[in-house]
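Below are some notes on the model, for reading alongside the coordinates. They take a strand first and then some helices.

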Amino acid sequence: MNQLKKQFCYLFICLASVQATAQPYALPDISDPSYAVMSLAEERKLGRVILAEARAQLPIIEDIEIQSYLRQLGQRILAHSKTNHIDFHFLLIKNPTINAFATPGGVLAFNDGLVLVSENESELGGVVAHEIAHVSQRHIARRQALSSGSGLISSLSIIGAIIAAAYNSELAELTLFGSAALPVERQLSHSRNFEYEADRFGMQLMAAAGLDPWGMPAFFEKLQRKESRGLQIEFLRTHPLTISRLSEAQQRAASYRKTFTKDRAEFQYAKARLLTISKISESPQHADEDIQNYHRALVLIERQQPRQALEYLEKIPVEQHHIPVKLAFAHAYRIIGNWDKAIAILDELNELHPGRAAIIYYLALALFKSGQQQKALAEINAVAALHNYYPQFYTLGAQAASQLGQNGVYHEYLADYYTTEGRLEAALQQLTLAERSNSLHHSIRARIAAKRKDIEEFRKEMSL
């Protein structure tokens, strides 16, 4: 692997320092030399390219319930970060190893192995906050400024290869020594310093969001124990953990005196669902009976045994019918073919919890499957702001438009979907087909023209 690739692999080895104190930790000053290496505008462009390549090349788990939970947890933490110049994306990767990575531009990826090994929400929240801190503190750009100072945007063509390599442990280890511009001792020093900084700022975000700060050191300590028993923990390779770092995290957590939330039912339901779709037969460990019954019901739904699933769901007390439980009821009724019951449940959920991606998607899907394509398309069109975070809206919108004979909208939705995966030539072809539709309103033609311009600019960014 050539030297340039080694430097770019560093994008996925999240790096960055200060004293252990519960005092608020500030974002880097705009005068930081990292801004000369990569401006905020360049960072946003880079993030968009990385996101497209990640979606195209990594085995992303496209379950909208778990995606929605992970994004909500991230947004809860981000609300206290003052990082409003970046549009964060949270990806869940099908990979049993315990690892996570963050990139410039706010692309955060978490292996399902990491989520499943987390015992409570504060442990997972600690990792999410840590990765957010790497982006907020601009560690990649700062690391680049300390080494060669060369621009990042100039070699985006190899980003796809880098993402594919992010799960090769030997390559990940190599990248710790990948830049000849810095002596090895300084590289390791900055790596440790950046990890300390991500811990400190991340824990501050956790506390502000009401998450128990002890979740972070507890998770680190758990991984360290696993590794001491001979298990290879990728997270500890890409986020080096020292005794002093763990001790400082514990001391810092002890300095917070407020009452915090260690766990919520939403995490345990998401974990139970992840166990099901990951085809892991074991039931959730340490879960209460309601979670166990929910998991049993999901397994039966996966096996197309909805009536038996309903028996387990009905064992859960009505007052404990959280959103995932009600969605499971809707799934069971959908498989039975009782569309009225499924849609009634989803309609009620949508009124009680407006704007929830999973609820809206399942409602649109149920409407579509029951022959109500116009209503399904209306639900999808109403949440356009969510589409880029949950690309399955694009494909469902395309299917609904196709059955309604709205060819222009059909091709436009396909173009949107191809764009999310960086398949820009295919996206432009779909826009051309959309423009040939005779029934397009002039406002839609203007929107398509704007998308064409945006994709052409995106194509230039990806070819740099």
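1. In strand 3, Ala109 is the bridge partner of Leu91. Helices (H or I, at least four residues) and strands (E, at least two) are DSSP runs numbered from the N terminus.

2. This is a predicted model, in which local features need pLDDT of at least 70, side-chain atom pairs count only at pLDDT 80 or more, and totals for chains, interfaces and linings use all residues. Residues are numbered from 1 along each chain as its sequence is written, and side-chain values use heavy atoms, without hydrogens and water.

3. Strand 1 (residues 89-93) has 5 of its 5 residues buried, meaning under 20% relative accessible area with a 1.4 Å probe, protein chains only. His89, Leu91 and Ile93 lie on one side, with Phe90 and Leu92 on the other.

4. Helix 21 (residues 392-403) reaches 17 Å from first to last C-alpha, close to the expected 16 Å, which is 1.5 Å times one less than its number of residues. Its buried residues, including Phe393 and Leu396, pack against helices 4, 19, 20 and 22, contact being heavy atoms within 4.5 Å.

5. Helix 22 and helix 23 (residues 424-435) pack at about 165 degrees, axes 8 Å apart; axes are lines fitted to C-alpha atoms over the stretch in contact, and angles run from 0 to 180 degrees between N-to-C directions. The pair is therefore roughly antiparallel, a term for angles over 145 degrees.

Note on methods: Buried < 20%, exposed > 50% of the residue type's maximum accessible area, 1.4 Å probe, protein only. Pairing = 2+ DSSP bridges. Parallel < 35°, antiparallel > 145°, perpendicular 65-115°, else oblique.
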